[in-house]
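Here is a short report on one structure. Keep the sequence and the model side by side while reading.

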Amino acid sequence: MEHIQCPNCASDRTVEWAREGGFIAVKCTPCGLIYVNPRPSAAEITEANKVGVHRTQNGKALNVSARRNAAKIGYYQRVIGELFATEHTAGHPLKWLDVGAGYGEVVEAIQSALPATDVEGIEPMRPKVEIAQARGVRVSDRSIAQTDSDYDVISLINVYSHIPDFREFGELLVSKLKSGGILFLETGNLPDLTSRADFPDTLYLPDHLVFAAPRQMESIAKSIGLAMETTKAERIDNPLWAVKQTVKSALRGKPRIVLPYTSEFRTVFYKLRKP
Ligand SMILES: [Zn+2]
C-alpha cells in the first residue's frame, strides 16, 4: 500500500468520503477529486487489471471481470451517434482506438453508429479479448505503446477511474492522437454528489481508484494539453436501475428503497480536443 498526494492538484489536504472493503476514498479539499488513499502498489494494480481480480483489505477477492453486456451496444450506438454527428456528416472515415475495450461492446457500437470508421479495441484481460475475437470483433491485447500514432479518436469508456496516474497515461494517449484528434471519455460525476449516500451502488474500491466530475476533468484535460470541447451528462437512475439498486442493497444486508430520478449521479461524456 502507498500513501499518495492528489493525482490532480498534488495537495494532501483531504476529508474522508467513503469506506469500502477496507479501503478509504478521500475527497481533495482544494480541487474536489475523489481518490483511494492509501492505495495498492502500482505493480499490484497492473497485475489486477490483467487478471480482473483485486485483493481487498479484508482478504476477500473482488472479481471484476463482468460478463459481456449486449445491451451496452444500443446505448453507446445512440450516444456516439449523437456526440459524433458532425464527424459522421463530414463523411471522412475516422481511425478510432477504444482503450479498455472489454468484450468489444463499444467497438461494435462505433461500427454501427459510424460504419465508415476504422475501429479497433485493446483490452488487457485475455479472456475478454478471446470472447470478442470469437464474435469477430476487432479487439486485441496489444499495449497502447504497440498501437499506431495517428488516431482521430481514442475512447476511454469507464476506464478513467481504473487509472492510478492519469497524467502519464493521458500524455501517452495524446501522443497517439493526430493534431485535432479527440480523446472521448466517459466517467461518473461522484465529486458532484452531496454525499456518498446519493450513489446507492457499490464503488468497487480499489478497482476504481479515482473519481472526477466536470470541474476536475477540465483541469485534468488541460494538464495533458487538451481542450474540453463537449460535456454531456446522462442520468442512469431510471426505474429499472432503482429496482436493481433496491435489490442490491438488500443483498448487501443494508436494505433501502431507491427511488427513480432522485439521484444527482450522472455518467458524463467528454470530448477533449488535441490542438
Ligand atoms: Zn486535488
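Buried means under 20% relative accessible area, exposed means over 50%, and partly exposed lies in between (1.4 Å probe, protein chains only). At 10% relative accessibility, E234 therefore counts as buried. The model is predicted: local features need pLDDT of at least 70, side-chain atom pairs count only at pLDDT 80 or more, and totals for chains, interfaces and linings use all residues. Residues are numbered from 1 along each chain as its sequence is written, and side-chain values use heavy atoms, with hydrogens and water left out.

**Around E234**

E234 sits in strand β12 (residues 227-235). Strands (E, at least two residues) and helices (H or I, at least four) are DSSP runs, numbered from the N terminus. The E234 side chain makes a polar contact of 3.5 Å with that of K232. Such a contact is a pair of N or O atoms within 3.5 Å; within protein, one must be able to donate a hydrogen and the other to accept it, and residues adjacent in sequence count only if both atoms are side-chain atoms. Leaving out residues up to four places away in sequence, E234 touches Y75, R78, V79, R266, T267 and F269. Contact here means heavy atoms within 4.5 Å.

**The zinc site**

C6, C9, C28 and C31 coordinate the zinc ion through their SG atoms, at 2.3 Å. Donors are N, O and S atoms within 2.8 Å of the metal (3.2 Å for Na, K and Ca); water is not among the atoms, so sites may look incomplete. Along the chain, the zinc donors follow the spacing C-x2-C-x18-C-x2-C. C9 lies in the segment before β1 (14-20), and C31 in the loop between β2 (23-28) and β3 (34-36), 22 residues apart. C9 counts as partly exposed at 32% relative accessibility, whereas C31 counts as buried at 10%.

**Aromatic pairs**

Rings of Phe, Tyr and Trp (its six-membered ring) pair if their centres lie within 6.5 Å; planes under 30 degrees apart count as stacked, over 60 as edge-to-face and the rest as tilted. The count comes to nine aromatic pairs. Two of them are tabulated.

| Pair | Centre distance | Plane angle | Class |
|---|---|---|---|
| W96 and F184 | 6.2 Å | 85 degrees | edge-to-face |
| F166 and F169 | 6.1 Å | 55 degrees | tilted |

W96 in strand β6 (residues 95-99) and F184 in strand β10 (residues 177-188) are 88 residues apart. W96 counts as buried at 0% relative accessibility, and F184 at 1%. F166 and F169 are buried too. Y75, Y76, F84, W96, F184 and F269 form one aromatic cluster.
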